[in-house]
Amino acid sequence: MSVPRALITLGLCLLAFSCSTCDQADPLTLQPVKTSKRIGSQAYEHIRALCKIGPRPTASFGWSQGLGYITQQLLALGLSPKKDTWIDKVEQIEFTNIRVRIPGDSKELIVIGCHHDTKNCTGHTDPAHKFVFVGANDSGSGVGLLLELARILKSRKNAATYELVFFDGEECVGWDWDESRALFGSKRYVRKHQQQLADDPNTPGIRAFVLLDMVGDKDLQIDNDTNSDKELRQIFYAAAQAMGHERFFYKASLPVSDDHLPFIEAKIRSIDLIDLDDNEHWHKPSDTLENISADSLQVVAEVVLTALPELERRFIGKKKD
């Protein structure tokens with residue numbers, strides 16, 4: 001993921017008008033959702049297992065092991081994960097997405113995603129970009145939390161059908177951000193969905209997309225990503241308020257480039273839950289278990305689970321805007 005650095009200063013100067021104020025012009029009150037207090041610690045254990053594997057850049061040995069771990073965990077929940085593997089014609093790199101569907105009362109979809117690849121920190125010309133990178137937060141935290149959400153969503157009755165997607169190739173092939181060489185998995189997923197809709201108008205539509213990326217930092221501060229849908233930002237802030245977690249949300253306001261962009265371009269309501277602006281460990285050797293927290297994972301899980309009923313109420317079974 002990336003953010004245009006020239007816009008960071010502008011975004012920070014506009015903090016007074018962040019989502020916690022302007023987006024809350026029409027106050028929204030949600031009911032907190034009671035759930036297990038062990039979600040964070042269980043997600044943390046998934047991350048521990050991924051870090052034990054080591055670096056997991058696309059098409060590496062660790063990447064293959066990481067895919068195996070995700071698949072095994074979903075199978076153990078009694079779910080049926082599906083792999084989508086392809087070779088990018090330009091990069092000549094093999095990528096694999098994993099998706100799993102949890103049926104609900106409606107066939108219409110709410111998609112929750114993360115990326116499973118880690119930044120490639122080998123083969124670069126700059127020595128500063130060569131190091132062992134296990135990606136505890138980026139991408140381990142999203143994977144760990146999504147695996148736990150799979151367990152919870154499977155065990156309850158849902159108004160929507162949920163599709164959980166572990167995207168490959170979020171990280172840029174080169175070191176510096178270049179959107180044309182990144183977001184491979186989310187671009188493919190959205191493109192395939194659009195093709196299915198074109199081939200069969202009865203294909204269930206995606207009514208909302210929630211992205212989890214770097215949600216485990218010890219000093220958690222989920223950014224107010226101005227690329228994300230305003231209504232979704234309002235809902236998730238209200239969910240944070242309902243759970244007493246608003247202090248962890250929207251201190252910084254800035255546009256982020258991440259796996260939600262292909263969904264936004266396809267006019268699908270999307271939100272990126274990400275702690276990027278003040279993340280001192282982003283793409284650094286220090287992105288390790290010691291610098292993430294089960295408590296932070298718990299906070300994000302509780303906010304997501306409190307927000308989902310409102311997403312179902314607003315967007316499932318309603319005519320698309």
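Start by selecting Gln 221, in the loop that links strand 5 (206–213) to strand 6 (222–225). Keep in mind as you go that this is a predicted model. Is Gln 221 buried or exposed? Its relative accessibility is 9%, so Gln 221 counts as buried, the cut-off being under 20%. Now show what surrounds it. Leaving out residues up to four places away in sequence, Gln 221 touches Arg 247, Phe 248, Phe 249, Tyr 250 and Lys 251, along with Ile 274, Asp 275 and Asp 278.

Next, jump to another loop and pick Asp 138, which lies between strand 3 (109–115) and helix 4 (140–154). Asp 138 has a relative accessible area of 0%, so this residue is buried too.

Time for some helices. Two packed helices are described by the angle between their axes and the distance between the axes, and that is how to look at the next two stops.

Select helix 2 (residues 39–53) together with helix 8. Their axes come within 7 Å and cross at roughly 120°, which makes helix 2 oblique to helix 8. The crossing of this pair, helix 2 and helix 8, is right-handed. To see where they meet, colour Ile 39, Gly 40, Ser 41, Ala 43, Tyr 44 and Ile 47 on helix 2, then Ala 294, Leu 297, Gln 298, Ala 301 and Leu 305 on helix 8. Sorted by class, the contact of helix 2 with helix 8 has eight nonpolar residues, three polar and no charged ones.

On the helix 6 side, highlight Glu 231, Leu 232, Gln 234, Ile 235, Phe 236, Ala 239, Ala 240 and Ala 242. They meet Val 303, Val 304, Thr 306, Ala 307, Glu 310, Leu 311, Arg 314 and Phe 315 in helix 8.

Conventions
Residues numbered from 1 in each chain as written. Predicted model: local features only at pLDDT ≥ 70, side-chain atom pairs only at ≥ 80, totals over all residues. Heavy atoms only, no water. Contact = heavy atoms within 4.5 Å. Helix = DSSP H or I, 4+ residues; strand = E, 2+ residues; numbered from the N terminus. Buried < 20%, exposed > 50% of the residue type's maximum accessible area, 1.4 Å probe, protein only. Axes fitted to C-alpha atoms, helices over the stretch in contact; angles between N-to-C directions. Parallel < 35°, antiparallel > 145°, perpendicular 65-115°, else oblique. Left-handed = near helix turned anticlockwise from the far one by under 90°. Nonpolar A, V, L, I, M, F, W, Y, C, P; charged D, E, K, R; others polar.
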